[in-house]
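Subject: Structure handover

Hello,

Here is the structure I promised you. Please open it first, then read the notes below it.

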Amino acid sequence: MLTIMNDIELLTPVTDAAIEAGEMLLDGKGQRSFSDWTEFKDAYDGVEQPVTRLLRGRLGALRPAAGWADEFSPELGRGEYWLADAIDGAVQYLQGLPQWCVAITLVRGGAAVLTVLRNPVLGATYTAAAGGGAFRNGTPISPSGKTDVAICVMATSHPPFAARQPGVPDKAGRALAVMMPAVGAVRNLGPTSWQVADVASGHLDGFWQYGRDAGNLIGAALIGLGARGDVCPAYGEPWVPESDSFLAIPSGLRAQVLARLSLA
């Protein structure tokens with residue numbers, strides 16, 4: 001008889017699948033040589049497709065009725081499905097950089113119910129399930145306790161193919177111009193999902209982004225909320241997958257950062 005695990009119970013086998021996928025990618029040595037888009041795509045497909053097949057097998061066995069999507073084709077609101085990115089941060093992976101992870105989220109009814117991020121280079125795993133908190137390597141996490149943006153390390157990024165979203169590059173540039181003078185440092189440290197999780201654990205003090213990017217943000221937002229952080233669009237209000245901007249921030253910094261972003 002098939003045992004149906006609840007979402008919190010599912011975290012263990014999903015984490016195992018993410019760890020296995022991460023080790024497979026480490027064995028692939030990462031860095032590739034390419035000189036144009038076609039060669040880049042060939043290099044990406046060569047490492048991504050076998051890992052995706054592995055994940056589809058492992059995750060499909062856990063929830064046989066669940067659908068499948070990736071960051072470019074999330075079917076938000078359509079039943080239950082796995083939203084998986086075998087190499088979140090593929091650009092960094094193919095350049096031989098360490099800022100990448102395996103990202104897996106289970107979406108049900110348009111909302112993330114569990115998510116796992118695994119960076120095998122760091123030996124670190126973020127996990128969260130709705131109503132079950134958020135963890136890094138099994139230890140509960142919480143955001144930074146800073147209250148002064150002047151001593152904060154903030155991060156920002158942009159959606160894939162940001163130029164396809166009119167106005168997003170200009171808005172991102174204006175936001176960077178108003179944030180840089182106010183904070184200690186601004187960085188882009190790789191995958192959007194991992195940077196949001198690093199805010200949830202206090203490794204970063206905040207993250208903002210303009211543009212719609214539900215495929216990369218829906219699982220990360222669950223980690224932020226599970227750590228009792230603040231997740232909202234850049235103008236406040238609750239974040240939803242259709243939002244055109246995103247901010248992950250500790251509550252003690254929310255007002256200061258939203259005020260700065262309002263100037264962009």
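The axes of helix 1 (residues 7-27) and helix 2 (residues 37-62) come within 10 Å and cross at roughly 165 degrees. Axes here are lines fitted to C-alpha atoms, for helices over the stretch in contact, and angles run from 0 to 180 degrees between N-to-C directions. Helices (H or I, at least four residues) and strands (E, at least two) are DSSP runs, numbered from the N terminus. The crossing angle makes helix 1 roughly antiparallel to helix 2. Angles under 35 degrees count as roughly parallel, over 145 as roughly antiparallel, 65 to 115 as roughly perpendicular and the rest as oblique.

Which residues meet here? From helix 1 come Leu10, Pro13, Val14, Ala17, Glu20, Ala21, Met24 and Leu25; from helix 2 come Val47, Pro50, Val51, Leu54, Leu55, Arg58, Leu59 and Leu62. Contact means heavy atoms within 4.5 Å. By class, this contact of helix 1 with helix 2 has 14 nonpolar, no polar and two charged residues. Ala, Val, Leu, Ile, Met, Phe, Trp, Tyr, Cys and Pro count as nonpolar, Asp, Glu, Lys and Arg as charged, and the others, Gly among them, as polar.

This is a predicted model: local features need pLDDT of at least 70, side-chain atom pairs count only at pLDDT 80 or more, and totals for chains, interfaces and linings use all residues. Residues are numbered from 1 along each chain as its sequence is written, and side-chain values use heavy atoms, with hydrogens and water left out.

Seven strands form an open sheet with mixed pairing, in the order 1-2-3-4-5-6-7. Two strands pair if DSSP finds at least two bridges between them. Strand 1 (67-69) and strand 7 (139-140) are the edge strands, and each pairs on one side only. Strand 4 (residues 111-119) and strand 5 (residues 124-129) pair in the antiparallel sense over six bridges. Helix 1 lies across strand 2 (80-88), strand 3 (101-108), strand 4 and strand 5, at about 35 degrees to strand 4.

Look at isoleucine 104 in strand 3. Is isoleucine 104 buried or exposed? Isoleucine 104 is buried, with a relative accessible area of 0%. Buried means under 20%, exposed over 50%, partly exposed in between (1.4 Å probe, protein chains only). Residues that isoleucine 104 touches include Val14, Leu55, Trp82 and Val116.

Best wishes

Notes
Lists of a residue's contacts leave out its neighbours within four places in sequence.
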